[in-house]
Amino acid sequence: MKRLVSDTLIIAERNLVRLPRAPELLLAFTVQPIMFVLLFRYVFGGAISTPGYSYVDFLIPGIIVQNIAFGGFVTAIGLNEDVHKGLVDRFRSLPMARAAVLAGRTLADIVTNALSVAILLVTGVIIGFEFHTSALEAIAGIALLLAFGYAFSWFFAFVGLLVSSPESANSVGFIVVFPLTFVSSAFVPVKSMPSVLRAFADVNPFTIIVDAMRHLWLGAPAHNSVWGALVWVLVLIGVFAPLAVARYRRAAGQ
Amino acid sequence: MGVRAADDTVSALGHSAAQAEADAITVRGLFKSYGSVQALAGVDLDVARGSVLGLLGPNGAGKTTLVRVLTTLLAPDAGTAHVLGCDVVHDAARLREQIGLAGQYAAIDENLTGLENLTMVGRLYGAPRKVARARANELLERFELLDAAGRPAKTYSGGMRRRLDLAAALVAKPPVLFLDEPTTGLDPRSRLGLWRVIEGLVAEGTTALLTTQYLDEADRLASTIAVIDHGRVIARGTSDELKDRVGGERLEVRLDAGADPQRAVDALMPMSDEAPAVEGTLVRVSVRERSGSIVEAVHRLSEAGVGVDDLAMRRPTLDDVFLALTGHAAEEDAPEPQSAT
């Protein structure tokens with residue numbers, strides 16, 4: 001157990017140290033989300049009606065959740081590259097804790113997600129976003145976001161080990177994340193959707209987590225969404241962490 | 001150890017306890033399939049402590065699969081394999097503490113510097129950061145990477161990456177080393193450099209299992225060679241023993257442009273048990289004895305009035321061995337299942 005903790009920290013450190021040296025990754029964490037916020041706020045914002053809230057207040061919790069989901073791509077692609085370049089073989093031939101490579105990767109993701117959240121919140125505040133709740137609730141919201149990001153990292157870790165190339169990790173991510181985040185309450189009120197989409201959006205975990213964020217940051221009615229979001233976090237970790245670790249044990253380079 | 005096929009059951013079963021003690025690696029009846037492709041079809045192998053076994057075979061012969069099983073990356077379907085007494089399946093964790101693996105492709109993190117790569121590996125072997133760092137610097141110096149120690153590995157040349165990869169395999173000073181085609185794709189100079197490093201390690205007592213498609217590499221580095229094809233060890237012995245197996249010395253005669261090869265063949269026939277082979281103006285004949293053959297050949301050819309441009313004795317190469325044993329050349333590519341490479 002002690003070994004698992006220290007090995008996990010070593011791998012997390014590795015993933016963070018290399019980050020500034022891969023400029024394309026850094027762009028994905030910084031410029032890209034800012035661009036999305038500005039596009040949504042100023043291109044779509046005027047056309048979408050969000051009763052009770054200004055669009056920027058409505059948008060920020062949604063887009064931060066989406067951004068965290070997209071952040072998982074980096075995990076999937078990075079792990080897939082590790083497998084292909086033989087690094088996973090090296091790690092697996094070392095007397096290190098078996099779960100540490102994945103645990104370290106997902107742990108490093110919490111740090112990069114926190115960075116993304118900070119950048120987006122600052123951008124949001126500059127263009128007019130305001131918390132409508134207490135500091136404690138706002139912080140609870142950030143904690144929930146990071147917990148969700150952590151859970152989603154395990155899903156992407158599994159995807160990264162499952163697919164055959166970094167490119168397909170990328171496409172699988174897009175195919176999963178785009179519909180899930182768009183057919184949710186992230187960008188528009190669910191009420192405005194056709195009934196079939198709405199039925200899907202109502203049970204979509206992204207709707208639940210975005211609603212929970214709006215409760216914690218804007219004081220929107222909770223409707224059990226915070227508990228629902230926590231359950232989703234546990235379910236995602238409970239399902240995908242064991243799947244990813246099992247897959248890792250069999251992963252073969254090239 | 002004499003020349004024998006390693007699937008010779010008598011010698012495999014007759015392996016004494018004392019010998020097992022002396023062997024760093026023992027493999028018995030190892031099988032592994034990927035779907036319908038049988039990568040290992042009953043491999044038996046022993047590698048004595050402190051020796052280098054060269055595992056020689058074409059692509060797809062099962063070399064990499066065998067290395068993956070021995071380094072606990074892959075579970076065998078049947079059979080047993082031990083490294084320093086640790087079973088690859090049941091004592092995998094203990095086994096990993098005693099081995100180093102350098103792969104076909106350089107398994108390093110390109111975004112980390114040379115120093116960071118080696119320090120990370122040292123810490124993952126359980127060394128404290130300071131100790132791991134000191135060891136990393138020691139290895140960087142030994143592998144002439146000290147100047148590049150602070151640069152991300154993606155800026156390294158192919159040869160530097162291989163050296164870093166090999167250094168990573170040596171971080172914990174493992175008594176047993178697995179080198180899977182360590183010089184594939186390297187330029188001749190880097191290759192020579194890597195050979196010297198490997199020779200140095202062996203001189204210090206490291207046991208190594210080296211896979212290669214290059215016959216000269218096996219010839220130079222390995223004390224014993226096992227030839228593997230279609231998942232089976234088809235021959236083993238020292239390089240000389242294997243060469244003896246395909247017959248004695250070759251006499252190669254390059255004739256003058258106008259000379260009649262048939263007359264040369266007739267003249268040389270009495271020196272050999274087999275008919276001389278003719279290829280253009282080149283006549284090859286395997287002779288019974290080395291001593292005196294050149295003089296005798298020159299004498300016979302000049303008596304027959306055949307003009308000779310060049311004449312040389314040649315020991316059979318491992319290429320000849322491979323061709324004789326498998327019916328195909330060593331560097332001919334056979335398809336290999338994706339997951340086995």
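**Two chains, their contact and their folds**

With 12 C-beta neighbours inside 10 Å, A:Asn224 counts as exposed, since the cut-off for that class is 12 or fewer. In this predicted model, A:Asn224 sits in the loop that joins helix H10 (205-218) to helix H11 (225-250) of chain A. Its backbone also deserves a look: although A:Asn224 is not a glycine, its phi is positive, at about 65°.

B:Thr72, which is not a glycine either, has a positive phi of about 70°. B:Thr72 also belongs to a loop, here the one between helix H3 (63-70) and strand S4 (78-83) of chain B. Is B:Thr72 buried or exposed? With 23 other C-beta atoms within 10 Å, B:Thr72 is buried, because 20 or more are enough for that class.

The next topic is the meeting of the two chains. Here 19 residues of chain A are in contact with 25 residues of chain B. On the side of chain A that touches chain B, the elements giving two or more residues are H1 and helix H5 (87-92) of chain A. H1(A) gives the most, with five residues. By class, this side of chain A has eight nonpolar, three polar and eight charged residues.

Helix H1 (residues 2-18) of chain A packs with helix H5 (residues 114-124) of chain B, their axes 10 Å apart and at an angle of about 165°. H1(A) and H5(B) are therefore roughly antiparallel to each other, as angles over 145 degrees are counted in that way. The crossing of these two helices, H1(A) and H5(B), is left-handed. From H1(A), the contact draws on A:Asp7, A:Ile10, A:Arg14 and A:Val17; from H5(B), it draws on B:Glu116, B:Met120, B:Arg123 and B:Leu124. Sorted by class, the residues of this contact of H1(A) with H5(B) comprise four nonpolar and four charged, with no polar ones.

A:Arg18 is also part of helix H1 of chain A. Setting aside its neighbours within four places in sequence, A:Arg18 is in contact with B:Asp109, B:Asn111 and B:Leu112. A:Arg18 counts as partly exposed because it has 19 C-beta neighbours inside 10 Å. Within its own chain, A:Arg18 is 33 residues along from A:Pro51, and the C-alpha atoms of the two are separated by 44 Å.

Inside chain A, a further helix pair can be followed. The axes of helix H4 (residues 55-84) and helix H7 (residues 135-162) of chain A come within 8 Å and cross at roughly 35°. This crossing of H4(A) and H7(A) is right-handed. The contact of H4(A) with H7(A) brings together 17 nonpolar and seven polar residues, and no charged ones.

Chain B contains an open sheet of six strands with mixed pairing, in the order S6-S7-S8-S3-S9-S10. Strand S6 (99-102) and strand S10 (232-237) of chain B stand at the edges with a single partner strand each, so one side of each has no neighbour in the sheet. From one strand to the next, the twist averages 15°. Within the sheet, strand S3 (residues 52-56) and strand S8 (residues 207-212) of chain B pair in the parallel sense over five bridges. B:Leu53 has B:Leu209 of S8(B) as its bridge partner.

Key. Residues are numbered from 1 along each chain as its sequence is written. Chains are lettered from A and ligands numbered from 1 in the order in which they are written. This is a predicted model: local features need pLDDT of at least 70, side-chain atom pairs count only at pLDDT 80 or more; totals for chains, interfaces and linings use all residues. Axes are lines fitted to C-alpha atoms, for helices over the stretch in contact, and angles run from 0 to 180 degrees between N-to-C directions. Helices (H or I, at least four residues) and strands (E, at least two) are DSSP runs, numbered from the N terminus. Angles under 35 degrees count as roughly parallel, over 145 as roughly antiparallel, 65 to 115 as roughly perpendicular and the rest as oblique. A crossing is left-handed if the near helix is turned anticlockwise from the far one by less than a right angle, and right-handed if clockwise. Two residues are in contact if their C-beta atoms, placed from the backbone, lie within 7 Å. Ala, Val, Leu, Ile, Met, Phe, Trp, Tyr, Cys and Pro count as nonpolar, Asp, Glu, Lys and Arg as charged, and the others, Gly among them, as polar. Two strands pair if DSSP finds at least two bridges between them.
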